[in-house]
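Work through the exercises below with the sequence and the coordinates at hand. Each task is followed by a solution in steps.

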Amino acid sequence: MVKHLDNQSFTTEVLKASVPVLVDFYADWCGPCKMMAPILDEIDTQLGDKVSVCKVNVDNNMDLAQTYRIMNIPAMFIFKNGEIAEKIIGATSKSNLVSLLEKHM
């Protein structure tokens, strides 16, 4: 299940995670973000225990949006060992996201 994070849970769920983490920085009003939601659900189901899929609402978590310099959404970051390994700005395909995640598993 895709986890919705806030400032408190981000450190535990992303920066201290033992598996790669795909973080989707999004907003409820963003059309392309809404398009990505079912894709992220499918990836979470498909890759299961190998990766973690999380979402951060930039309107509710402005500190995180500032920390990671989110200027455009959707912005999807892949974190590995607490570090940013990949950045994807804008909507993309499921196959592209899976390919990028597999590089870091």
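**Exercise 1: an aromatic cluster**

Phe 79 has a relative accessibility of 1%, so this residue counts as buried. The model is a predicted one.

Task: determine which residues the ring pairs link into a cluster with Phe 79, and classify the pair of Phe 25 and Tyr 68.

Solution. Begin with the total: there are seven aromatic pairs in the structure. In one of them, Phe 25 and Tyr 68 lie 6.0 Å centre to centre with 40° between the planes, which makes the pair tilted. This pair links distant parts of the chain, with Phe 25 in strand β2 and Tyr 68 in the loop between α3 (62-67) and β4, 43 residues apart. Next, check burial: Phe 25 counts as buried because its relative accessibility is 0%, and Tyr 68, at 15%, also falls under the 20% cut-off and so counts as buried. Tyr 68 also pairs with Phe 79; the ring centres are 5.5 Å apart and the planes stand at 90°, so this pair is edge-to-face. Since Tyr 68 is in the loop between α3 and β4 and Phe 79 in strand β4, the pair ties together parts 11 residues apart in sequence. Together, ring pairs join Phe 10, Phe 25, Tyr 68, Phe 77 and Phe 79 into a cluster.

**Exercise 2: the cysteines**

Task: find the disulfide and explain why Cys 54 is too far for a bond.

Solution. A search of the whole structure gives one disulfide. Its partners are Cys 30 and Cys 33, with sulfur atoms 2.5 Å apart. The link of Cys 30 and Cys 33 is right-handed, with 75° about the S-S bond, and both residues are buried. For Cys 54, the closest cysteine sulfur is that of Cys 33, 16 Å away, and therefore too far for a bond.

**Exercise 3: helix α2**

Solution. The buried residues of α2 include Met 36, Ile 39 and Leu 40, and among the elements covering the buried residues are β2 (21-26), β3 (52-57) and α4 (94-103). After α2 comes Gly 48, with a positive phi near 45°.

Terms used: Residues numbered from 1 in each chain as written. Predicted model: local features only at pLDDT ≥ 70, side-chain atom pairs only at ≥ 80, totals over all residues. Heavy atoms only, no water. Buried < 20%, exposed > 50% of the residue type's maximum accessible area, 1.4 Å probe, protein only. Helix = DSSP H or I, 4+ residues; strand = E, 2+ residues; numbered from the N terminus. Contact = heavy atoms within 4.5 Å. Disulfide = S-S within 2.5 Å. Phe/Tyr/Trp six-rings, centres within 6.5 Å; stacked < 30°, edge-to-face > 60°.
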